[in-house]
Amino acid sequence: MTVSITRLEHTPADLRREAGRSADARASRRMLALALVMEGQSREAAARNCGMDRQTLRDWVHHYNAEGVAGLSDRPHGGGAPRKLTEEQEAALAEWVRRGPVLETDGVVRWRVVDLRQKIAREFDVELHERSVGKLLRRLRFRRLSVRPRHPEADPAAQQTHKKTIPIWSPPSFRPRPEANRSSSGCKMKPASASKAA
């Protein structure tokens, strides 16, 4: 169903003038598309000339009919959905990640997003999707690193002792061979002057 422009306080020339004054390029494009429609151009042609599809132009006609020229500007975003964790809870999550899991209580030797999701649900009674936990960790400036897990029964002192007893190998030093005047067969050749004298 075609939606008509019912707001008639602006002529096509007025809309073109407003488009020229506006600092909002998107709103200007919408005003020009409406001006083309008011001048008799088809919806499809007007939309194509202004870089949008016909359905998008139809939506902006609705906005214009309801609010006038002001309705052709983008609405400011409301900042997205409210956060599900408080600042204190986010700080606690960051501390868990920094400290690492405790095998006895957390049941894992390194954190995965699914493990943190379960701990958040247990500790804070808040259900989050794994993707949301990943976004939250990025916002808290944690990068996804795949570190080697630490065995719970590993002895750090024994590891240090082992490191100290490993011999340090170095590549053999390169000694250039003395240059010899050899033929392609590998035999030494006589100097040219000696062969001539003979």
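User: Which residues have the most contacts inside the largest nonpolar core?
Analyst: The model is a predicted one, and its largest nonpolar core has 21 residues. Within that core, the residues with the most contacts are Leu 34, Leu 57 and Tyr 64.

User: Which helix gives the largest share of this core?
Analyst: The elements that each contribute two or more residues to this core are helix 1 (12-21), helix 3 (43-49), helix 4 (54-67) and helix 2 (25-38). The largest share, seven residues, comes from helix 2.

User: Which residues does Leu 57 touch, leaving out those up to four places away in sequence?
Analyst: Leu 57 is among the residues with the most contacts inside the largest core. When residues up to four places away in sequence are not counted, Leu 57 touches Met 52, Arg 43, Ala 46, Ala 47, Ala 33, Leu 34 and Val 37.

User: How many residues are in the second, separate core?
Analyst: This second core is separate, and its members include Val 126, Leu 128, Val 133 and Phe 142. The number of residues in it is 15.

User: Why do the buried residues of helix 5 line one face, and within what arc do they fall?
Analyst: The residues buried in helix 5 are Gln 89, Glu 90, Leu 93, Ala 94 and Trp 96. In an α-helix there are 3.6 residues a turn, so residues three or four places apart point the same way. Seen down the axis of helix 5, its buried residues line one face because they fall within an arc of 155°.

User: Which exposed residues does the opposite face of helix 5 carry, turned away from its buried side?
Analyst: The buried residues of helix 5 are covered by elements including helix 7 (113-124) and helix 8 (130-139). The face turned away from the buried side carries the exposed residues Glu 87, Glu 88, Arg 98 and Arg 99.

Notes: Residues are numbered from 1 along each chain as its sequence is written. This is a predicted model: local features need pLDDT of at least 70, side-chain atom pairs count only at pLDDT 80 or more; totals for chains, interfaces and linings use all residues. Side-chain values use heavy atoms; hydrogens and water are left out. Buried means under 20% relative accessible area, exposed over 50%, partly exposed in between (1.4 Å probe, protein chains only). Helices (H or I, at least four residues) and strands (E, at least two) are DSSP runs, numbered from the N terminus. The arc is that of the directions from the helix axis to the C-beta atoms. Contact means heavy atoms within 4.5 Å. A nonpolar core is a set of buried Ala, Val, Leu, Ile, Met, Phe, Trp, Tyr and Cys residues joined through side-chain atoms within 4.5 Å.
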